[in-house]
Amino acid sequence: MAALRYYYSDTISEFLTKSVDEIIGKLTLASQHDINEETSGSWVEEIESLRNVLEPYKDRGSVYLEYNIPRMGRRADVILVIDELIFVLEYKTADNKFTHEGRTQVWDYALDLKNFQEGCRERIIIPILVASSEKDKNCEFVLRHFEDDVYEPIQTNCKLLSKAISLPLAQIPHSAVKHSDIRDEQWAKSGYEPTPTIIEAAVALYEENTVDDITKHGGDIDKAAAEICQIIDYCREHRRKAVCFITGVPGAGKTLIGLNTAIDQFNRGEKAVYLSGNYPLVEVLQEALTRDYIRREKVKAKQERRKPCTKEQAKSKVKAFIQMIHHYRDLYLEGTEVVANEIRPIKGYFHSHTDKAYIPAEHVAIFDEAQRAWTADELKRFMSKKKGIKDFPYSEPEYLISCMDRQPDWGVVICLVGNGQAINKGEAGLKEWIASVDRRYQDWDIYMSEYLIKSGDVSKEELARVKRQLRPREDLHLKMSMRSFRAEKVSIFVNQLLALKHEDAAATLKELTNYPIVLTRSLDTAKQWLRNHARGSERYGLLASSKAERLKAISINVRYKPDFVHWFLEDDSDIRSSNALEDTITEFEVQGLEIDWACVAWDADLRLNKDHTAWQHFQLRSGTKWQNINKPINQAYQINAYRVLLTRARQGMVIVVPNGDHGVPPDETRKPEWYDGIYRYLKDIGIKEI
């Protein structure tokens, strides 16, 4: 039997007839955790406060207690459905004070319901923060409306709670449909299809939720996750080794599948490791999971009357399955040497070739952004310069597969591959993974989607050489971006924009009705737009190309490198947070991560020719002039940098194109015509000016 979304529900009329003890009993039975005196006391206070104010509505609605918000890994204290309006109540019974954190929390609950629960899409939602004994003068009853019908939180104490409920019912126009118990239950059980950020998803998965709990049901992700699980089980049972490719558009959920696989195998008792060369992504995920583990550990330790673990202990636990790819690579270099163009164990260093120190601890290794693994030349250069190893014989894909090949029985290498996201030199791309299997590991199986086989990313000749090893699986390609729950075609629009397909981009833009994209020449205007649109704990921030050095004239310095962990994780009370709008990060720090609302500042490093038919690529040299970027591969990196920047926002973005310099004498590095051309192009395809 599936778990209910709430611990307790009833019509208001029935709720008022039940004793407090009877309701507490049902809540306790429904809870999966031991109930302490603090929790029980809070429930009593909540129930009694509701009984004092709900009498006028006993034939007009329903009550839900401890209502699950899976994406956030929390439960809303109370949901009231009265006359089709939805009230979300969060009680603060311990400190009895209004806090910014409490206000943000209840607003987040309301926004989550509106954005992800099907039954809320046409409903009005009023979040209410209840601080039991807060002074009357500190209560706020202003009804501030937003376009999506989620109101700004009301703040009240228990004494004035009746006003917090009666005021919206009296002043907000709403349906006069007669109350129906059946309709309320249909609402409560309506589809929940969340789209979490990768940070939220990692935390939720670590708390032993499933992909099915926290993402859109029945989508590409569910199918791909199930397919991967089957492949791992097959390889374990039949003692096979395989490399498996998961591909998809930006934001389709490849990283989510990788994390889910690592955590799922870990929870099953099978060692697996998620690896990425994306240092910011790994650092942010490790810190987020560590903080969450400590938060949960403090609660558990208090219940068990013991000391909680230290942050070092928590981080060590997290690092068991999320690591930097370079640390993994270097670990299995220890005790090896290059012999006859191969990596072999140093004689006498290990007891044998089956020594545990030589063989990876994990049977499953997941490589995120596998297309960014290094070429043979790049790895050879690095090994010679940094490790003192001359003539290293492998590319990075080849070497990473070789580590898993040391397993005497079975092993699976899972490659998460993003298209159009290569942003740095020395990246080997998908072809090198295929070529590596062809050269050295012809007894391995290769799993990939039919889409990838037909895409042209790997040539027909290369595929023909590994035809015997190919195992097509359609569900290994993710066709739809889930980064923006407001508009799934954002990545399509960005691709068309960067490909200079004017008419196609204009047509796609018209379809993004729920995803605002706006344009301005003023950074201050852009910042205010972000602040006006963000609510609750929604994250917003400034993004720019790593080569956008003349944005320094408008106070965006891409050479200054802020602490990206604080940028992504701190709230808006911290000046290091993205929400402070003081620090800017580039494509290198934001790739693989996302924010809700983005300001993308566009510099003259990527500009248009006079007739808008081609991009021109530049980088600043010597602080006095822009220099052409002539190498096609470096031009592609620059386009991809803007692709990354323009696909980071989940809910909407503002693009800032400065005016350039009109001074006398003019600044030759900021000619107005360069910026005007970019601005006209964006405006001509239909991006609205603000």
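Mentor: The labels below are taken one at a time, and this is a predicted model.

Trainee: What makes Glu 398 buried?

Mentor: Buried means under 20% relative accessible area. Glu 398 has a relative accessible area of 3%, so Glu 398 is buried. The residue is found in helix α15 (residues 396-405).

Trainee: Which residues is Glu 398 in contact with, leaving aside its neighbours within four places in sequence?

Mentor: They are Pro 393, Glu 432, Ser 436, Arg 439, Arg 440 and Tyr 441. Contact here means heavy atoms within 4.5 Å.

Trainee: Why is helix α7 called largely enclosed?

Mentor: Of the 9 residues of α7 (residues 198-206), 8 are buried, so the helix is largely enclosed by the rest of the structure. The buried ones are Ile 198, Ile 199, Ala 201, Ala 202, Val 203, Ala 204, Leu 205 and Tyr 206.

Trainee: Why is strand β18 described as largely enclosed?

Mentor: In β18 (residues 540-544), 5 of the 5 residues are buried, so the strand is largely enclosed by the rest of the structure. Tyr 540, Leu 542 and Ala 544 point one way, Gly 541 and Leu 543 point the other way, and all are buried.

Trainee: How do you know that β18 pairs with β20?

Mentor: Two strands pair if there are at least two bridges between them. β18 and β20 (residues 595-601) have 5 bridges, so they count as paired, and the sense is parallel. Within that pairing, Gly 541 stands opposite Ala 598 and Leu 543 stands opposite Val 600.

Trainee: What makes β18 and β19 a pair?

Mentor: There are 2 bridges between β18 and β19 (residues 584-585), and the cut-off is at least two, so they pair, again in the parallel sense. Leu 542 stands opposite Thr 584 in β19. Between β18 and β19 the chain passes through helix α22 (residues 564-569), and this β-α-β crossover is left-handed.

Trainee: What is the strand order of the open sheet, and what makes a strand an edge strand there?

Mentor: The 6 strands run in the order β19-β18-β20-β24-β17-β25, with parallel pairing. β19 and β25 (688-689) are the edge strands, as each pairs on one side only. Helix α25 (residues 672-684) lies across β17 (517-520), β24 (649-656) and β25, and runs at about 150° to β17.

Trainee: What makes α19 and α20 roughly antiparallel?

Mentor: Helices α19 (residues 490-498) and α20 (residues 502-511) pack at about 155°, with their axes 8 Å apart. That angle is over 145, and α19 and α20 are therefore roughly antiparallel. Their crossing is left-handed. Ile 492, Phe 493, Gln 496 and Leu 497 of α19 make the contact with Asp 504, Ala 505, Thr 508 and Leu 509 of α20.

Conventions: Residues are numbered from 1 along each chain as its sequence is written. This is a predicted model: local features need pLDDT of at least 70, side-chain atom pairs count only at pLDDT 80 or more; totals for chains, interfaces and linings use all residues. Side-chain values use heavy atoms; hydrogens and water are left out. Buried means under 20% relative accessible area, exposed over 50%, partly exposed in between (1.4 Å probe, protein chains only). Helices (H or I, at least four residues) and strands (E, at least two) are DSSP runs, numbered from the N terminus. A crossover is right-handed if, with the strands pointing away from the viewer, the path from the first strand over the helix to the second runs clockwise. Axes are lines fitted to C-alpha atoms, for helices over the stretch in contact, and angles run from 0 to 180 degrees between N-to-C directions. Angles under 35 degrees count as roughly parallel, over 145 as roughly antiparallel, 65 to 115 as roughly perpendicular and the rest as oblique. A crossing is left-handed if the near helix is turned anticlockwise from the far one by less than a right angle, and right-handed if clockwise.
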